[in-house]
Amino acid sequence: MKCTLLSGAAAGLCLALAGGALAQSALPSGMVFFVEDQNCPTGSLPVDDAKGRLLLATKNPTEWGQTFGAPAITGLNERDHTHEVTLSLTLEEKGISGASSCCNNRATSKGKHSKTVTTGGATSDLPFVSLLVCKAN
């Protein structure tokens, strides 16, 4: 486990976890933490609900434990995503001589017009770090 660039409580936590063994009194029971390893240290278990998810902290108890979006990301692959956008514009009435003949089928009417389109699929291409989430017993 790497303990670089840590200070204060974070450094103490890292030192308590170093070597893969979790000191029995090092962490409060139920504390959730991240490790840069394939396995949680002795004295803790993986948090399965966190696999492939972006974790967000919140102060609102009604939001605790909520899961949005499915399925979770697997491996180190970022999912393609799309956006749906509705475009609207209002056209004024304009008279154009000769434009309203018998054969002009490309003209439109005055008033509000809208169209909903979906963008092509893409990833954000932002860098990310995947860490194992563990919970102290």
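Predicted model: local features only at pLDDT ≥ 70, side-chain atom pairs only at ≥ 80, totals over all residues.
**Exercise 1. Locate valine 129, decide whether it is buried or exposed, and name the nonpolar surface patch to which it belongs.**

Start with the position: valine 129 sits in the loop between β4 (111-118) and β5 (132-136). Next, take the relative accessible area of valine 129, which is 67%. The cut-off for exposed is over 50%, so valine 129 counts as exposed at 67%. Finally, the patch consists of Phe34, Leu55, Val129 and Leu131. Together these residues have about 390 Å² of accessible area.

**Exercise 2. Describe the largest pocket by volume, lining and contributing elements.**

The volume of the largest pocket is about 1600 Å³. Its lining is made up of 39 residues, and those closest to the centre are Ala50, Gly52, Arg53, Leu54 and Leu55. Two or more lining residues come from each of the elements β1 (32-35) and β5. The element that gives the most is β5, with three residues. Sorted by class, the lining of the largest pocket holds 19 nonpolar, twelve polar and eight charged residues. One residue links this exercise to the previous one: Leu55 is among the residues closest to the pocket centre and is also part of the nonpolar surface patch.

**Exercise 3. Determine where glutamate 93 lies and how it is classed by accessibility.**

Glutamate 93 is found in the loop between β3 (84-91) and β4. Its relative accessibility is 62%. Since exposed means over 50%, glutamate 93 is classed as exposed at 62%. For a distance within the chain, compare glutamate 93 with threonine 108: they are 15 residues apart along the chain, and their C-alpha atoms are separated by 10.0 Å.

**Exercise 4. State the secondary structure content, the order of elements and the share of buried residues.**

Read from the N terminus, the order of elements is α-β-β-β-β-β. The protein has 137 residues, of which 11% count as buried.

Conventions. Residues numbered from 1 in each chain as written. Heavy atoms only, no water. Patch = residues over 30% accessible without salt bridge, like charges linked within 9 Å, V, L, I, M, F, W, Y side chains within 5 Å. Areas by Shrake-Rupley, 256 points an atom, 1.4 Å probe, with all protein chains shown as cover. Salt bridge = Lys/Arg side-chain N within 4 Å of Asp/Glu carboxyl O. Helix = DSSP H or I, 4+ residues; strand = E, 2+ residues; numbered from the N terminus. Buried < 20%, exposed > 50% of the residue type's maximum accessible area, 1.4 Å probe, protein only. 1 Å grid on protein atoms, 1.4 Å probe; cavity = no way out; pocket = protein on both sides within 12 Å on 5 of 7 lines; lining within 4 Å. Points joined across faces, edges and corners; volume = space filled by probe spheres on them. Nonpolar A, V, L, I, M, F, W, Y, C, P; charged D, E, K, R; others polar.
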